Amino acid sequence: MRNRSQAEPRDAAAAPLGAPPSDLPTPLLGGLTPAQFMRGYWQKKPLLIRQAIPGVASPVTRDALFELAADYDAESRLITHFRNKWQLSHGPFEPDSLPAVTRKSWTLLVQGLDLHVDAARALLDRFRFVPDARLDDLMISYATDGGGVGPHFDSYDVFLLQVEGRRRWRVGAQKDLSLQADVPLKILENFEPSDEWVLEPGDMLYLPPHIAHDGVAEGECMTCSIGFRAPSAGELGAQFLYYLAERGGLRDAGGDDLYRDPKQPAVDAPAQLPPAMVDRVAEIVDAIRWRKRDVAEFLGCYLSEPKSNVVFDPPERPLSEAAFVTQASRRGVCLDRRAALMYNARSYFINGEEGPLEQAEEWLPELANQRRMEAKRFVTLSRVPSMTALLHEWYRAGWIRVGSRN
């Protein structure tokens with residue numbers, strides 16, 4: 001009989017595709033279970049993990065990365081540190097406009113590689129033991145010898161996975177976060193590292209927010225950064241009020257009424273803001289009300305909204321619904337790598353759009369968590385006409401693909 005650490009998860013549907021089950025030890029986290037990692041390290045302290053992914057390969061070659069950096073749909077940056085001077089440029093970059101790979105001390109960063117490369121999306125999926133609502137993207141860094149972005153800190157959690165070459169990391173939990181003046185990057189003025197490690201392919205470093213760090217390439221190297229969303233309270237508050245207004249949620253506060261002031265007297269100081277107006281607007285704002293359900297629906301729509309550079313590719317010759325069902329029954333379906341699908345107890349949210357979960361609760365959570373539906377499972381569920389109709393609609397929009405493998 002196999003012991004628990006070697007056994008399959010009790011409920012395969014409960015373990016997101018690619019991610020380790022929450023209660024099983026995994027090399028990805030240095031032998032910890034995801035549950036142990038989240039309790040002991042997440043947003044608390046750094047963790048160095050040797051051979052988190054043994055035999056890891058970069059999700060993209062150097063030449064392919066350079067080609068991608070020339071794409072207007074890709075978000076890329078070039079950072080150089082020539083003659084002791086930091087410079088930052090934003091892409092796109094034609095391959096022949098980049099410095100020579102034999103020149104030291106430059107870095108090319110491409111954000112959101114998971115939006116463009118299936119292998120990057122598959123690598124990102126390994127970290128889905130953290131909720132999708134927090135998972136942001138996979139950035140890749142190519143650097144020549146001595147390349148880096150300077151000592152800095154991030155306001156979000158990050159896993160730094162070495163996929164090619166070697167990079168030396170210096171890390172410190174310093175309190176002085178003042179920045180250098182007159183440089184185009186947020187580089188710390190007084191970096192005081194307390195630890196230093198060299199990472200080789202397969203090694204990984206987890207850093208919680210505001211831990212200072214500096215990574216310098218030793219020879220050519222490539223590093224994947226798995227980052228997490230950390231919206232500010234101001235951003236969430238502003239976007240939530242916009243969400244309420246857009247959906248008529250401010251009507252209880254008189255949202256459709258025009259401002260009126262029938263008792264406004266004549267004034268001799270027209271530039272002075274009327275006190276009565278301030279009082280009335282304060283009453284309007286104070287009358288705004290919402291429920292937890294409104295907050296949940298806002299988060300689902302907001303956090304599943306595609307980034308501004310995301311463009312879905314509908315099929316050039318879309319299958320009819322009957323042909324789609326036939327093909328999906330043979331090959332299954334999977335979410336496009338750019339698609340975001342979430343749900344709560346009442347609703348599902350796909351790419352910023354909301355729908356009732358009630359008619360899809362038999363199958364949608366499974367698709368959202370696994371990001372695919374195998375052919376056998378599709379056949380079992382295809383007796384539900386509402387499912388095949390909805391999936392066909394998403395297929396025509398380019399949100400899902402026929403075939404259960406990216």
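Tutor: Valine 285 sits in helix H5, which covers residues 275-286. A helix here is a DSSP run of H or I with at least four residues, a strand is a run of E with at least two, and both are numbered from the N terminus. The model is predicted: local features need pLDDT of at least 70 and side-chain atom pairs pLDDT 80 or more, while totals for chains, interfaces and linings use all residues. Residues are numbered from 1 along each chain as its sequence is written, and side-chain values use heavy atoms, without hydrogens and water.

Student: Why is valine 285 called exposed?

Tutor: Its relative accessibility is 51%. Exposed means over 50% relative accessible area, buried means under 20%, and partly exposed lies in between (1.4 Å probe, protein chains only). Valine 285 therefore counts as exposed.

Student: What makes Tyr259, Val281 and Val285 a nonpolar surface patch?

Tutor: A patch takes residues with over 30% relative accessible area and no salt bridge, joining nonpolar side chains (Val, Leu, Ile, Met, Phe, Trp, Tyr) within 5 Å and like charges within 9 Å. Tyr259, Val281 and Val285 make such a patch, of about 250 Å². Areas come from the Shrake-Rupley method with a 1.4 Å probe, and for residues only the protein chains shown count as cover.

Student: How much of the whole chain is buried?

Tutor: Of its 406 residues, 43% count as buried. The chain exposes about 21600 Å², and carbon and sulfur atoms supply 51% of that area. Its C-alpha trace spans about 75 × 65 × 45 Å along the principal axes, and its secondary structure comes to 10 helices and 15 strands.

Student: What is a buried residue here, and where does it lie?

Tutor: Threonine 33 is one, in the segment before helix H1 (34-40). With a relative accessibility of 9%, threonine 33 falls under the cut-off and so counts as buried. Apart from neighbours within four places in sequence, threonine 33 is in contact (heavy atoms within 4.5 Å) with Ser22, Asp23, Leu24 and Pro25. Across the chain, residues 24 or more positions apart account for 75% of the contacts with a separation of 6 or more.

Student: Which pair shows what makes a salt bridge?

Tutor: Arginine 166 and glutamate 218 show it, with their closest N and O atoms 3.2 Å apart. Arginine 166 lies in strand S6 (residues 158-172) and glutamate 218 in strand S9, so the pair ties together parts 52 residues apart in sequence. The definition asks for a side-chain nitrogen of Lys or Arg within 4 Å of a carboxyl oxygen of Asp or Glu, so this pair qualifies. The structure holds 25 salt bridges.

Student: Why are arginine 166 and glutamate 218 called partly exposed?

Tutor: Arginine 166 has a relative accessible area of 33% and glutamate 218 one of 28%. Each value lies between the two cut-offs, so partly exposed is the term for arginine 166 and for glutamate 218.

Student: Which residue pairs with glutamate 196?

Tutor: Arginine 168 does, the closest N and O atoms of the salt bridge being 2.8 Å apart. Glutamate 196 lies in strand S7 (residues 195-199) and arginine 168 in strand S6, so the pair links parts 28 residues apart in sequence. Glutamate 196, at 44%, is partly exposed, and arginine 168, at 31%, is partly exposed as well.

Student: Is aspartate 294 buried or exposed?

Tutor: Aspartate 294 has a relative accessibility of 14%, which makes it buried. Its side chain meets that of arginine 291 in a salt bridge (3.4 Å, N to O). Elsewhere, salt bridges that share partners join Asp118, Asp313, Asp336, Arg337, Arg338 and Arg401 into one network.

Student: What makes the phi of asparagine 84 worth a note?

Tutor: Most residues other than glycine have a negative phi, and most peptide bonds are trans. Asparagine 84 has a positive phi of about 65° and is not a glycine. Asparagine 84 lies in the loop between strand S2 (75-82) and S3, and at 68% relative accessibility it counts as exposed. Histidine 210 also has a positive phi, near 65°; it lies in the loop between strand S8 (204-207) and strand S9 (212-228). At 39% relative accessibility, histidine 210 is partly exposed.

Student: Which kind of peptide bond, cis or trans, joins glycine 91 to proline 92?

Tutor: That bond is cis, with omega near 10°. Proline 92 is placed in the loop between strand S3 (85-90) and strand S4 (106-111).
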